Amino acid sequence: MFIIISYDIQDDRRRTKIMKTLKDYGQWVQYSVFECKLEKMNYLKMKARLDKLICPEEDSVRFYFLCEKDVARIERLGGVQPLSEGAILLGFDSEVPDEAN
């Protein structure tokens, strides 16, 4: 299942914990927004982890479920191109090598 997760977390420390937890399950696409492609069991594990981290009186986490048809229709302007499914980053150097200039 494809899920867009947005969150509004009041406390900075809790917000950081939520973000780090969500990074285990999906891709960070905007501040407080993740895209996740998960099997049901991983979704339930993620949701249980998040439930332990939030303060329900102050915080909000929302889950938007998209079908494959809707996922194919996602459009974006600007920002970093999302990684393709199965992409693996082995190392990253933010500087451009001299021979590329």
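In the predicted model, Q30 stands opposite V33 of strand β3. This pair belongs to the region where β2 and β3 (residues 33–37) run antiparallel and are joined by three bridges. The two strands form a hairpin with two residues between them, and S32, which lies in the turn, has a positive phi of about 65°. Strand β3 is also paired with β1, in the antiparallel sense and over five bridges; within this pairing, E35 of β3 is the bridge partner of I4.

Taken as a whole, the sheet is open and consists of four strands in the order β2-β3-β1-β4, with antiparallel pairing. Because β2 (27–30) and β4 (60–66) stand at the edges and each has a single partner strand, one side of each is left without a neighbour in the sheet. On average, neighbouring strands of this sheet are turned by 25° against each other, direction being ignored. Strands of a sheet pair through backbone hydrogen bonds, in either a parallel or an antiparallel manner.

Two helices accompany the sheet. Helix α1 lies across β1 (2–8), β2 and β3, and runs at about 170° to β1. Helix α2 packs on the sheet as well, where it touches β1, β3 and β4, and its direction makes about 165° with that of β4.

The helices also meet one another: the axes of α1 (residues 12–23) and α2 (residues 40–53) come within 10 Å and cross at roughly 170°. Since angles over 145 degrees count as roughly antiparallel, α1 and α2 are therefore roughly antiparallel to each other. On the side of α1 the contact is made by R14, K17, I18, T21 and L22, and on the side of α2 by M46, R49, L50 and L53. By class, this contact of α1 with α2 has five nonpolar residues, one polar residue and three charged residues.

The largest nonpolar core has 16 residues, of which I5, Y7, L22 and M46 touch the most other members. At least two residues of this core are supplied by each of β1, α1, β3 and α2. When neighbours within four places in sequence are left aside, M46 is in contact with I5, L22, Y25, C36, L38 and F63. Both L22 and M46 also take part in the contact between α1 and α2. In soluble globular proteins, nonpolar side chains tend to be buried together.

Methods
Residues numbered from 1 in each chain as written. Predicted model: local features only at pLDDT ≥ 70, side-chain atom pairs only at ≥ 80, totals over all residues. Heavy atoms only, no water. Axes fitted to C-alpha atoms, helices over the stretch in contact; angles between N-to-C directions. Parallel < 35°, antiparallel > 145°, perpendicular 65-115°, else oblique. Contact = heavy atoms within 4.5 Å. Nonpolar A, V, L, I, M, F, W, Y, C, P; charged D, E, K, R; others polar. Pairing = 2+ DSSP bridges. Core = buried A, V, L, I, M, F, W, Y, C linked by side-chain atoms within 4.5 Å. Buried < 20%, exposed > 50% of the residue type's maximum accessible area, 1.4 Å probe, protein only.
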